[in-house]
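Hello,

Here is the structure you asked about. Please open it next to this note. My findings on the aromatic rings follow.

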Amino acid sequence: MKILIHKFKQGDDYILLDVNSGAVHIIDEPTFKILDDFDGTNDAEILSKYPADDTAEILSELHELIDAGELFAPDIDVPPTFATRGVVKSLCLMVAQDCNLRCKYCFGDGGTFGHRAIMSEEIGCAAVDFIIKNSGLRKHCEIDFFGGEPLINFRTVKAVTEHVRRREQETGKIFKLTLTTNGILLDEKISSWLNDNNISLVLSLDGRKEIHDAMRPDISGRGSYERVLKNFKRFVESRGGENYYLRGTYTKKNLDFATDVLSIHDAGFDILSVEPVVLKDSPLALTENDLPRIREEYDRLTEAYLERRREGRGFFFFHFNVDLSNGPCVAKRLAGCGAGHEYFAVAENGDLYPCHQFVGREKYRLGNIFDGVDKSARHWLKYFRESHVLNKPKCQKCWAKFFCSGGCHANADLFHGDIREPYEVGCEIQKKRLECAIYVQAKLAEENSEAI
C-alpha cells in the first residue's frame, strides 16, 4: 500500500504531512479524525460517517489542498539518474587511523579501523588528484579530514591543504575542507592555522561533564571534558561563532540526552546535534525496548527548543532543521549521501571504501586512489548507486522515506549484511526526530505569521 499522508499529534497540536509533496499543515481534531477515512474521492461516505455540522466545510478545505497539490500528491516513482561513470563529489581522508582518546562507543576500534597507522603526505595529496580526475565538470568538491584523531597527523593535514589550494588555482575547482576533532590537540597555534585556511570544524562533545568523561576518556582513563571544553570555547570564539558544528553521541547510559543537548547550548555553543549511538551487541547499544523513553526525550527536547527560541536565545539543532518548502532535489531525496559512488573514504594506505564507516570491512574495499576502482569491485558501485528508497521494500512503505533517503548504508550492513535492509531501531528514532522537526518548523512558521 502506498503511503500518501502521515498525521500525528505533537503536544496539543495535530499535524498533517503530505508525503510526496512535503506539504505540512496544522489541522484541528475533527479534520485529523476524518483523514482516517477520507481518500479524496469518497465525500458521500465521509458525510454519512461524520455527520457533524462542519464536515462539509472540512471536506471543502481538504479538496482545496488537493487542488493545490498539497494533499494526496502523486507518487515520486522516477529513479534518480546518475552518470554511468561516477562523478566523485567528496572524499573522507582517514589521515590518522589512531586516536588519543578511547571512546567507549567508537565504531572504528579505538580510531584504528583495524590497525594503527597514519596517512603519508604523498597519499593525501594523491587523493586530491584522484578527486579532481574523477569529478568531471563538477566545480565544487569536498574533502573531510577524519580519523581517529586527524590532528595527530597535522603535518599531512597541512600538506594536503596546501596541495588543494595549488590545484584549485590550476583547475578552477573549489574545495570545501572540513576536519573532525576531539579537541585535545586544538591549541591556539593550530586554531589560528585552521582559521587562516578556512577549514570547517566538527567538534566532538557529548554533553554534561559526567557523561562526556564516562564515554570519552583519554588513553590513561582520565576524563577529557575540561580540556576539550576549554579548547572548543577558545576556538569557536576565535572565528566569531561561525563555520563549526558541535556533535555529540548518546547511548543507553544517557537516555535523558535532552539534558546533554541543553548543557552544550548552556556551555556557549549554538550549532549542534546529539546523535544516537549505533552499536551491536554492546551494553551501550540502543534497543527496541529503549524506544518509548527515547521518544519521550525528543518530546522534552522539542518543547525546550521552542521555549528557548521564544525567549530569544535559540540555537541551531541539526535534526530540527528540516526544509519544508525548498528541500533537496529528487535524486538527493531518493538516494541520500552518495556513499559508494559519489563519495568515498580513503584509508591511510590509499585504499577506497564506500564511506568512513566501511573502512576495515574488507568486503567493501573498492580499489585505491592510484588505480581507481578494481574491476572485481565495480558491481558494488552499481549496487550502491541503485540502493535508493525505490529499491528498498521497507522504505517504499514508510512516510519518512523522502527525508531520510533510506537511512545509513553502513548501519544497514552492520545489522543485516545488506545496505538495502534498513536498521530498524535507527528508523524508529529517525521517524520520531522527523515528527519533532516537522512540528517545530510548522509551529515557527505559524508563530512568525501571527507576529506579522
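A search of the whole structure finds 18 aromatic pairs. Rings of Phe, Tyr and Trp (its six-membered ring) pair if their centres lie within 6.5 Å; planes under 30 degrees apart are stacked, over 60 edge-to-face, the rest tilted.

Tyrosine 250 and phenylalanine 257 are a stacked pair, 3.9 Å centre to centre with 10° between the planes. Tyrosine 250 is buried, because its relative accessibility is 0%. Phenylalanine 257 is also at 0%, so it counts as buried. (Buried is under 20% relative accessible area, exposed over 50%, partly exposed in between; 1.4 Å probe, protein chains only.)

Tryptophan 380 and tyrosine 383 pair edge-to-face, at 5.9 Å and 75°. They are three residues apart in helix α12 (residues 378-385), so about one helical turn separates them. Helices are DSSP runs (H or I, at least four residues), numbered from the N terminus. Tryptophan 380 is buried at 14%, while tyrosine 383 is partly exposed at 24%.

Two charges sit over rings (NZ of Lys or CZ of Arg within 6 Å of the ring centre and within 35 degrees of the ring normal). Arginine 420 has its charged end over tyrosine 383, 3.9 Å from the ring centre. Lysine 7 does this over phenylalanine 32, at 3.8 Å.

The model is predicted: local features need pLDDT of at least 70, side-chain atom pairs count only at pLDDT 80 or more, and totals for chains, interfaces and linings use all residues. Residues are numbered from 1 along each chain as its sequence is written, and side-chain values use heavy atoms, leaving out hydrogens and water.

Best wishes

Methods:
Helix = DSSP H or I, 4+ residues; strand = E, 2+ residues; numbered from the N terminus.
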